[in-house]
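Let's take a walk through a protein fold, one piece at a time. Keep the picture open beside you while you read.

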Amino acid sequence: MRCMLSKMDYDVIVVGAGAAGLMSAVTAARNKARVLLVERNEKVGRKLMITGKGRCNVTNNCDVENLMNATMRNPKFLFGAYNAFPPSAVMEFFETLKVPLKTERGQRVFPVSDKAADIVDALYKCIKAEGVTQKRKRVSNILFEEGRVKGIKTADGISFFAPSVIIATGGLSYPATGSTGDGYNLAEETGHKIIPTAASLVPIVLKEKWCSELMGLSLKNVTLKVKKGKKLLFEELGEMMFTHFGISGPLVLSASALMDGDMKDFSLFVDLKPALDEAKLDERILRDFKDEKNRAFKNSLYRLLPRSLVPVIIKLSKIDEDLPVNSITREMRRSLVRVIKEMPLTPVALRPVSEAVVTRGGVCVKDINPKTMESKKLSGLYFCGEVMDVDAVTGGFNLQIAFSTGFLAGNNCF
């Protein structure tokens, strides 16, 4: 095999310099492969720079079982990759590159510096140190004959030859970072099935017009529930935010990954006081009312709720806002408690895939060997990262997918 490789320009060509592509290039190079990394952007790791609000949620400090549970689509396919390069290995990798890490709430792992640039810089220095050749070009075609990869052809008509090619081009989310779906075209041209793409981990558009009045309001330590019909699909404590079109934030992004289909089938509920059951919440309201007994109802909730949210809760409770507090009945309080514990929201759409954290869909995993990431359709062609039909909830899990699959592809591609 080495004799054949010597006739080629490279041993491995990696298409795409995001998280998955960089990891696969480093891994292959450390195994003494001659690696060419082709990226259309001027700089590597463009999407990595904006992950975790610029802090880069590198991974989640958990075991493989929790990784599987956090994976929305095709978790069994990823079992081998997760075991080959689990979160502990990802953390060791970056700390060996002298990027100290820390674990925060929800086992989310970030660089101690809170700078995504430190992660990108470490990967860039690593590929340079390992002798990876870089070319700034857009790949237009995969070259192959008789069922085997030969190399790539770039948009400017230049061909580069290698017996192995790794497609790590990402999905469709954040196209400004270079994720424009090129990998889907390359995969489809080589006979691979593409599962229809859609947004995953994306803000939700709501029917309620009053959302625009709450734009910018961030709610912490609330519980978001998602129901499909009567079935509870999602319930989690965390943070969310109102926008001019609806809601966003970590809770919302994770919930959206489960909302596949007609939005009319789904209903959302927010528990604004999850630390209090209904009885304790009623007691709290009674104490506040006792202190405010001569006030109008509309002026009595500011110690309990954010100021901008009070008019909305009053409207939803259907209690006359001008009614004196001492005139509010037990039944009225029950209505108020129900609204606070289950504030209803009506989803009408998910925001477009260009605004999503990750893309749902992509190269069908049935066409890929889960033990190596090699195509079952074309020998020498490998896939890793978001270009495949795999995604997970928020919390560092999607970058873990990128690193695990990138490692596996880089370790088996020659």
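Start with a sheet: five strands sit side by side in the order 7-2-1-11-21, forming an open sheet with parallel pairing. At its edges are strand 7 (133–136) and strand 21 (381–383), each of which pairs on one side only. Ignoring direction, neighbouring strands here are turned by 20° against each other on average.

A quick word on terms. Helices (H or I, at least four residues) and strands (E, at least two) are DSSP runs, numbered from the N terminus. Two strands pair if DSSP finds at least two bridges between them. Strands of a sheet pair through backbone hydrogen bonds, and they can do so either parallel or antiparallel.

This is a predicted model, in which local features need pLDDT of at least 70 and side-chain atom pairs count only at pLDDT 80 or more, while totals for chains, interfaces and linings use all residues. Residues are numbered from 1 along each chain as its sequence is written, and side-chain values use heavy atoms, with hydrogens and water left out.

**The whole protein**

How many helices and strands does the protein have? There are twelve helices and 22 strands. The C-alpha trace spans about 90 × 40 × 35 Å along its principal axes. Of the 414 residues, 54% count as buried; that label means under 20% relative accessible area, with exposed meaning over 50% and partly exposed in between (1.4 Å probe, protein chains only). Now take the contacts with a separation of 6 or more: residues 24 or more positions apart account for 71% of them. Contact here means heavy atoms within 4.5 Å.

**More on the strands**

Back to the parallel sheet for a moment. Strand 11 (residues 164–167) runs parallel to strand 21, and three bridges join them. Val165 has Leu381 in strand 21 as its bridge partner.

There's also an open sheet of three strands, in the order 8-9-10, and its pairing is antiparallel. Strand 8 (139–145) and strand 10 (159–161) are the edge strands, each pairing on one side only. On average, neighbouring strands of this sheet are turned by 30° against each other, direction ignored.

| Strands | Sense | Bridges | Facing residues |
|---|---|---|---|
| Strand 11 and strand 21 | parallel | three bridges | Val165 and Leu381 |

Is strand 20 (residues 358–363) buried or exposed? Six of its six residues are buried, so strand 20 is largely enclosed by the rest of the structure.

**Helices that meet**

Two packed helices are described by the angle between their axes and the distance between the axes. The axes are lines fitted to C-alpha atoms, for helices over the stretch in contact, and angles run from 0 to 180 degrees between N-to-C directions. Angles under 35 degrees count as roughly parallel, over 145 as roughly antiparallel, 65 to 115 as roughly perpendicular and the rest as oblique.

Look at helix 4 (residues 75–84) and helix 12 (residues 397–412): their axes come within 8 Å and cross at roughly 80°. Helix 4 and helix 12 are therefore roughly perpendicular to each other. Helix 4 brings Leu78, Gly80, Ala81, Tyr82 and Ala84 to the contact, and helix 12 brings Gln400, Ile401, Ser404, Thr405, Phe407 and Leu408. Sorted by type, the residues of this contact are seven nonpolar, four polar and no charged. (Ala, Val, Leu, Ile, Met, Phe, Trp, Tyr, Cys and Pro count as nonpolar, Asp, Glu, Lys and Arg as charged, and the others, Gly among them, as polar.)

Helix 10 (residues 310–317) and helix 11 (residues 330–341) have axes that come within 9 Å and cross at roughly 125°, so helix 10 and helix 11 are oblique to each other. Ile313, Leu316 and Ser317 in helix 10 meet Ser335, Leu336, Val339 and Ile340 in helix 11. That contact divides into five nonpolar, two polar and no charged residues.

Thr243 sits in the loop between strand 15 (231–242) and strand 16 (246–248). With 10% relative accessibility, Thr243 counts as buried. Leaving aside neighbours within four places in sequence, Thr243 is in contact with Cys211, Ser212, Met215 and Ser248.

Lys32 lies in the loop between helix 2 (19–30) and strand 2 (35–39). Its phi is near 70°, a positive value in a residue other than glycine, and at 70% relative accessibility Lys32 counts as exposed.

Asn221 is found in strand 14 (residues 218–228). Phi of Asn221 is near 55°, again a positive value in a residue other than glycine. Asn221 counts as exposed, at 54% relative accessibility.
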